Amino acid sequence: MYIIIAGCGKIGSNLAKRLSSGGHDVVVIDADSKSFSLLGSASNCMSVTGMPIDEDVLKEAGIDRADALVSVTGDDNVNIMAAQMARQLYHVPVVITRCYDPAREEAVRTLGLTTVCPALLAVNKICGQLSPEEDKL
Amino acid sequence: MNITIVGGGNVGYYLTKTLLAEKHRIMLIEQSMPRCERIVAAFNTSNLSVTHGDGTDAESLLESGVRDAEALIAVTGQDQNNFVACQLGKDYFGVKRTIARVKNPKNIRVFEKLGVNSVISSTSRIAGSINQELDWSDVNQLFLQAASHVRVKEAIIGESSPFCGKRLCEIGLPKGMIMVCLVRGNIALIPNGETQLLADDSVIMLGAETELPDVLEALRGKVK
């Protein structure tokens, strides 16, 4: 798959490394070129410096031929806007949006987006480990 | 009309002032407490309610009364925030008309394609677009697509302008540049060569992007 990752923070960079070592073509977008150092020297990922809500930047990253876009910048609203651009303007088949704030997730889903909320995932995981029985119910 | 305004910076402040004067009911959301206080202190009217909160958050929008709004105008300083406020307003709360300010002119097209009703890249035109048929962003967008070197700009004639008191035919505008409209008091007129320019006239100029700045400066009468 040809995958675009918007945001090269801890999640973005680790995701990029995992996906590219799994044989996918990965392009990472970040406004700060220094953040690409998180990808490490062995990484095959391509990188594009710029805002992921800028059409020129998305085009440079190859949005026209992308199979998936994952938006994981540190700004929920940038993530939402980049995801809607990918979904509705470029018809990218798979679009996943990170949502920092659990309280917002429901509203963001009603906009038609597939969301991942790391905070809720952590809560669920911790609860599962504290009381495995309850988790099974 | 009940109008939600997201963002209480300078644009939000003057937009509120303008729309209150036109008898609209304004529900404003602003994230910074000092800005909220400034707006509350400035306008003593029951037609204004100010909510301290994030206008890109559904809870804050709900609290501000967005369900009663017939229009939502997003004028924060960041395109992504204005976009999300408009999307939530329209898709989550069913607000009929959404209007956004954008910083990046390329986002005009993006916002419109993604369902925002009016997109404005110039702060000075936001208040006008609520009540006027003329949609400024459409005009400039047309030029961006069809004739990328042409722009429309507004200037107010300054007392010290070398053009003040002159007739249009005496000025000698650069070739290809025209004065589209002149507003004097409450009267808008299409100027001709005999039209005399007076101080405080508001004029709308159409011309090449490269030539407009010098002419606008002369019209405003700013001394270098």
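**Interface and chain B**

Mentor: Buried residues make up 37% of the 224 residues in chain B. This is a predicted model: local features need pLDDT of at least 70, side-chain atom pairs count only at pLDDT 80 or more, and totals for chains, interfaces and linings use all residues. Residues are numbered from 1 along each chain as its sequence is written, while chains are lettered from A and ligands numbered from 1 in the order in which they are written.

Trainee: Which element gives the most to the side of chain A that touches chain B?
Mentor: Contact means C-beta atoms, placed from the backbone, within 7 Å. On that basis, 17 residues of chain A meet 18 residues of chain B. With 8 residues, the top contributor is α3(A).

Trainee: How many helices and strands does chain B have?
Mentor: Both are DSSP runs, numbered from the N terminus: helices are H or I, at least four residues, and strands are E, at least two. Chain B comes to 9 helices and 10 strands.

Trainee: Is Q78(B) buried, exposed or partly exposed?
Mentor: Q78(B) sits in the loop between β4 (71–74) and α4 (79–92) of chain B. Buried takes 20 or more other C-beta atoms within 10 Å, exposed 12 or fewer, and partly exposed lies in between, with C-beta atoms placed from the backbone. Q78(B) has 19 such neighbours, so the class is partly exposed.

Trainee: How far apart in space are Q78(B) and G7(B), C-alpha to C-alpha?
Mentor: In sequence, 71 residues separate Q78(B) and G7(B). In space, the C-alpha to C-alpha distance is 9.9 Å.

Key: Contact = placed C-beta atoms within 7 Å.
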